[in-house]
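Student: I would like to go through the terms used for this model and see what each one rests on. Please set each value against its cut-off.

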Amino acid sequence: MLSRLHYSILCIALALAGYAQAADDSTKFLEAMRARGMFDLALDYLNDAQGDRLVSDEFKKQIPYERGVTLLDKWRVTPSASERDRLADQIKGELANYAAANVGTPRTADAQQQLATLLNEQATRALTVLENRPGASENEGQIKGEARGQLAEARKLYGEVEKSLESQLEKFPKALDPKTQSGEIDRRREMRARLSQVRVLKAQTLLEESKTVAKDSGDFKKLNEQAVKDFQDLYDKYGSFIVGFYARVYQGEAYLALGKNKEAMACFEDIVVQGGDNPGTRALVTKALALQAQLMLADGDAKGLLDKQGKWLVTGRGGELRTPDWLTLKFVVAEAKRKQAAAAETKDADKRKLMEEARTHYFDVAQLQGRYQNDARQILSSEFASAKAGPERQQVKTFDEAIQAAKDAINSWNAARQTIPAAKENNPEGVAALEEQAAKGFGDALYYLNIASTLVDDETPVEKVNESRWLSCWLMWQDEQFYRSAVLASFLARRYPEDPTASGAAQVALASYDKLYQQAVKDGGPDAGAAEADKLKELSSFITRRWGGTALADTAFGVLLNFSIKDKQFDVALDLVNQLPEDQRPVFQAKIANTMWEAQLRAAIEKDTSFDRDGVRTKAIELLAASYPALVADAAATDTLAPAALYLAQARLEAGDYAEAIKLLEDPKAGPLALVKTNNPIASRQAYGMEAYKAALRAYVSVVPPQTDKAVATMAELEKIVGEGDADKLTRVYLSLGVQLQQQIEDLQSAGKIEEAKRVSEAFVAFLDKLNERGSSDPTVRQWIAQTYFRLAEGLKGDANAAQLRESYYDKAAQSFKQILDDPNAGIDANRKLGLQLQYAETLRHAGKFAEAMQIFEIILAEKEMMIEAQTAAAYTLQEWGSKDASKFAYAIGGTGPLNDKGKPIVWGWNYLGKVAVSVAKSRPEMQARFKELFYECWLNIATISVLKAEGGDPKKDALLKQARKIIADMVKNYPDLLTMPIREQYNELMKSIQRAENSRAVGLEEILEEKKS
């Protein structure tokens, strides 16, 4: 998700562009972001709008729908198929939830129409890709089956939307007064237009569904006949509108599918005659002419085709020439020109001209993906391969012109490059010309991209600049400029991860760094490939987090596995292993299991939630357990056995099977503790030894009863393997062990194993004491020790039998924090010192040492008065102190401590802190949510203090309770969004406390809400 600062800047920019963020402009603001392709920011806005009181309630009801529409817009421009599938699932969920929440209302139809559109476009896209493939697809049946289901469901939804719109239209009066009811007239007109569109889309699904069944089947005929009938009805009804033109063209397509060419020609001719050269109908006329041209060519009417369609083709302009229908028209016209050139009556001069024009058309079609791209390439390779490379470089004046020229050059290069293999077989003498064309296209592309980079200005949209960067890094990769492609592609992927080109750029960067790594390893030398490997790992880690679940992420995660599995996917690797003879499988299964175990450990450290850590860990344990006996018996498998034995022991520790872990660790033949003392190339490494002894220490501490003597002996062995004199390194080893033990305790508590958690906790404290006694010059380690004592103390809250133990933990935490702060050689900067002081003060506060805590808070706030976290903690400290000394309640509200340069106490108290919260919330939109809640928290505590004083025997009890009640009532009435936030429950509980103190029914906020209603 983008940063809040970026989001705030965008809000300002759009507001300056004419879009305010007031409640009634929320839709405009959202549409402005969608129009600019800022879909992720739009989604962020929708998430924030849910709790924004400036956004109207009406718009908030629309948020699930708007989220679905935004995701649909993003789906349309997403190049990755797997990412589109993920987005499609989200869209369906959002729209389904919206529809369910608005059953029986027109809003249901809105959601149904968007959902139908998604299903329709999913099916159409899949069928188009299938149609454009040069050969048959193995999954053709499955793809068509899925598309058929999507189209049927879309048609059903369109039908329901149609009924809803008809019902809504019936509610309009038959006669509306244009003078007084113009708004209603406009709304009815829009609804009628929408109804006509839905009806055409519904009928179109029949036409598309016919493409999913065999052409000689009854279903094919039935679907197209029904389409003909439905489109005729629509044309009869809407023939004078553009939507009727669409119906007529689609009807012609249905006739064409049924082999009724005469009827199809008549449909197309209607559109050509009625549409003419009107900007609003040009696209439809082109489609009709292209379909008509195919019939004319099949009938041998090349001359008539050139007189009609050929003349229309000359009128093409700009971007429309790259659309599918124009490319189809261009291909058919090229075929007609080639056919006409071959006619006996055509003069030689005309033949040369026709063939040159045909070649130009084929070349244009071959450059762009579409139905006839492969046909055009095949014809170029066999008929036109000896032609010259093409025109000289054109002069470009704008960024857009330069980018388009670069794209055309890339298409020229790509078309020639992909045509060369066919030319080598069909027309060898033309290969040299194609190679010249390819070289020229490549050079021209780089030239125009370089020109484009000089034409960028402040008005150039960043998405277009990124497109230029993407094309540049891709060409650099093709030209084997791997360092340049790696740097530029990595920048694009990291700096603009939301851009449609980012995932492609990440793939180029990954491939480029891999090439650099392979070359560095090949060249050899000290640390060969180390720098490149670091770049690969860093980039791969980013990719797995950013695009988790995609094919690109699978590849990247494979890189993190140090290329140990060639195809970089565990399931595929295991399938390959299963193809081996059974007696050869265990060692390879263990290698994969070792890698899987390391991967899940890395995923835990990096908090990579996209990685299925539980699934991978479970599978790794299963493989380790299954292969371990065979590894022990295989003398040649010791390299694999060493990590497998250690990882299996760690797995048993995680499962709480400490005795089994000890058995594995101590195995005299294959146990890690035994292997450490051998010349095993893996186990003899220092890192392996440290992990083995750490596992043993955990096991000896955790087992029942604890094996203290072995633990002491293991610590001695650990100190030996680390080396004498390296106290900090040994401390870090113990530190990592402590982290593991702490996680183990938390896992036991979560599992309800309280007694076992207490037992291991006591062992953990003994370990911390030992670590503390050793001392460390590393303030990070010392801070962790202090924090760990604090967390252990907090974990004992609510346990009346552990009060003394809890107090001792707080004391140890405070002493540890104090030691760091008092150490002049700690080497901590000013900001870190403030953080440590805050933790120290918090520890003193929780230990009930309020006076000492306030001394530290005053030191902090004298240094940084605007440290809100410290101000809040100080107010709580005074409030808690008030329970022992009622005079402190006044300071908790009004503040205390030395005066600042404005004569105000540096410890603000709840009253002034609440004022600051309001001020920041108003002036800093990006911080509004946080400080709004702080404002509510301040007044909650002011009311709480009145209740505490009343409960403490204050003679003004009734007045105090009344005062607290009034504060709560005022907050609820004046700030209704408080009721939508988590803090509501605290207000509710406080209100119940007041009601109980007044001997009335404890119903909480319900009492105020009922009063408000009445």
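**Rings, burial and cores**

Tutor: The count comes to 19 aromatic pairs, where rings of Phe, Tyr and Trp (its six-membered ring) pair if their centres lie within 6.5 Å; planes under 30 degrees apart are stacked, over 60 edge-to-face and the rest tilted. This is a predicted model, in which local features need pLDDT of at least 70 and side-chain atom pairs pLDDT 80 or more, while totals for chains, interfaces and linings use all residues. Residues are numbered from 1 along each chain as its sequence is written, and side-chain values use heavy atoms, without hydrogens and water.

Student: Why is Phe935 called buried, and why is Tyr975 called partly exposed?

Tutor: Buried means under 20% relative accessible area, exposed over 50%, and partly exposed in between (1.4 Å probe, protein chains only). Phe935 has 9% relative accessibility and therefore counts as buried. Tyr975 has 29%, so Tyr975 counts as partly exposed.

Student: How do you know that Trp312 is buried?

Tutor: Its relative accessibility is 12%, so Trp312 falls on the buried side of the cut-off. Trp312 is found in helix H14 (residues 302-314). Leaving out residues up to four places away in sequence, Trp312 touches Gly276, Asp277, Arg282, Val285, Thr286, Leu289, Trp326 and Leu329, a contact being heavy atoms within 4.5 Å.

Student: What makes the charged end of Lys888 sit over the ring of Trp881?

Tutor: The rule asks for NZ of Lys or CZ of Arg within 6 Å of the ring centre and within 35 degrees of the ring normal. The charged end of Lys888 is 4.3 Å from the ring centre of Trp881 and is listed as sitting over that ring.

Student: Which residues have the most contacts inside the largest nonpolar core?

Tutor: They are Met596, Tyr628, Leu665, Leu673, Tyr688 and Phe764, in a core of 70 residues. Such a core is a set of buried Ala, Val, Leu, Ile, Met, Phe, Trp, Tyr and Cys residues joined through side-chain atoms within 4.5 Å. Helix H28 (residues 638-654) gives the most to this core, with ten residues.

Conventions
Helix = DSSP H or I, 4+ residues; strand = E, 2+ residues; numbered from the N terminus.
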